[in-house]
Amino acid sequence: MALALIAPVLGGVSAVPAAAATSIGDVVPVPVSVAPAPGVTYTLPSTGRIHADTGATAVADRLAGLLRPSTGYALPVLAASGTPTDGIALLLSGADPSVGQEGYQLDVTAAAVTIRAKSAAGLFHGVQTLRQLLPVAVESATPQAGPWVVPGGRIIDYPRFAYRGAMLDVARHFQPVATVKRYIDQLALYKINYLHLHLTDDQGWRIVVDSWPRLATHGGSTQVGGGPGGYYTKAQYADIVAYAAARHIAIVPEIDMPGHTNAALASYAELNCDGVARQLYTGTAVGFSSLCVPKEITYTFINDVIRELSALSPGPYVHLGGDETAATSPADFTKFIERVQPIVTGNGRAVIGWHEIGSTAHSAGRVVQYWGTATSDSHVTSAVSKGAKVLMSPANKTYLDMKYNSSTPIGLSWAGYIEVRTAYDWNPGAHLTGVGESSVLGVEAPLWSETVVTQNHIDYLTFPRLPAIAEVGWSPWSTHNWDAFRLRLAAQGPRWSAMGIDYYPSTQIPWP
Ligand code: TNX
């Protein structure tokens, strides 16, 4: 029903089947430039082929892997020669120069679908757009009736910000590898390119460190509420990293310190200033734990952890936390951060930290992640003045663990209720006084897990807000328009249902 509504707004063609996208611009995030070809559609035939340039075959195989189960078609992947005139082509040349390293050009004619980009990442993002333009039944794992129709026209598209992220807190409640992979698949559909894993906190340490084995075996043995917790072996973590990389998503591992460290302090007595191991913790308080800043063994420990973690994490960043350090004196905090930052850069990674680290010395390539609820912040402006970039996660806009309203059964509310419109209606390039567009690296939507236990909980808090934040991070501000967004978002609902996503049916959105 909502699709019929969209047609006049976006200039779509009423002749396309009801289950298909109405117009080539009917996707989330909205593309930079859209030129519909009224009356033109492409229909994937059962004999359809996928033509791929060298360097594009991995993306082509993934596209074929998506399309084969639902269409039941063979869809062979072939080496492209020249400009193919049938089927779907993925080409690494000929894109409009404006697409840059991550963008793409999509052309849909009656004869062929052609995606051109300068990189496999660009082609991958173009494939996500194509995926949203196909009928929702394409997400099915079993053969469905077609026709597999795509609306005609041209898209030229590229991201506003280099970093479009989500964060999963696997420390408060542990999540198995399969759940993290499922999250990665959901993020990829909205052109998210970083997944920040909050791997350690007071309640749990979730990654094996060979030189300090009790971190995982003892520190990972429980969680909020006292359940069994869990941790990733190195092989499992590497599997997550590879799965994400295949979807053009980099993992950002976080070891939160010097606070939020009770699980480590419980695992090794020598990390405590008094030499006495702490008890494991299963509550939800914050700000009570600290690594021992004056002790040398603290830095031996951090060296070992960051070295082993960096060896598993090919992405550009390591997140060192730095938030809510009420149990560390301000002088110790500064000393600590300024000693740990060189450990991260010494392992070839740039530092990301929560914005509290902003007042300490700069570190090459440093990024501060803003999580406050104000419209200006002295730590952030201090960091920016020294050369840092800012990752925008204002808690009252992007925190996926906040309730939608007072009747949301899970979630917190300390940063306020966040309905879809609240998550959508803010401008990362103008949100903080003194922090302009050029200082902003991007946006990230964190999902803290004090109240998040199951996969359904993750789905319910993530959808539909994550796609709203993804659009804020990808699409140019000139396209920002709530009335248009809510219609495009509405059309995603059936797709989430087809994907088995248990989303929150916000009354702000005219779901079909
Ligand atoms: C604040 S935001 C925290 C987390 C909590 C979260 C709950 C931040 C850097 N720290 O420790 O889980 O609030 O919303």
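I call two residues in contact if their C-beta atoms, placed from the backbone, lie within 7 Å. This is a predicted model, where local features need pLDDT of at least 70 and side-chain atom pairs count only at pLDDT 80 or more, while totals for chains, interfaces and linings use all residues. Residues are numbered from 1 along each chain as its sequence is written.

**Entry 1: Leu195.** I looked up what Leu195 is in contact with, leaving aside neighbours within four places in sequence. I found Gly165, Ala166, Leu168, Ile184, Leu187, Ala244, Ile249 and Ile251.

**Entry 2: the domains.** The domain assignment (bounds come from an automatic or database assignment) gives domain 1 (2–157) and domain 2 (163–484 + 491–498). I noted 34 Å between their centres, taken over C-alpha atoms. In all, 18 residues of domain 1 are in contact with 18 residues of domain 2. On the domain 1 side, helix H1 (2–10) and H3 each give two or more residues, and H3 gives the most, with five. Helices here are DSSP runs (H or I, at least four residues), and strands are too (E, at least two), numbered from the N terminus.

**Entry 3: helix H4.** I checked H4 (residues 177–188) next: its twelve residues reach 17 Å from first C-alpha to last. Which of its residues are buried (20 or more other C-beta atoms within 10 Å of their own, C-beta atoms being placed from the backbone)? I listed Val180, Tyr183, Ile184, Gln186, Leu187 and Ala188. Their cover includes helix H3 (120–133) and strand E9 (194–198).

Methods: The expected span of a helix is 1.5 Å times one less than its number of residues. A residue is buried if 20 or more other C-beta atoms lie within 10 Å of its own, exposed if 12 or fewer, and partly exposed in between; C-beta atoms are placed from the backbone.
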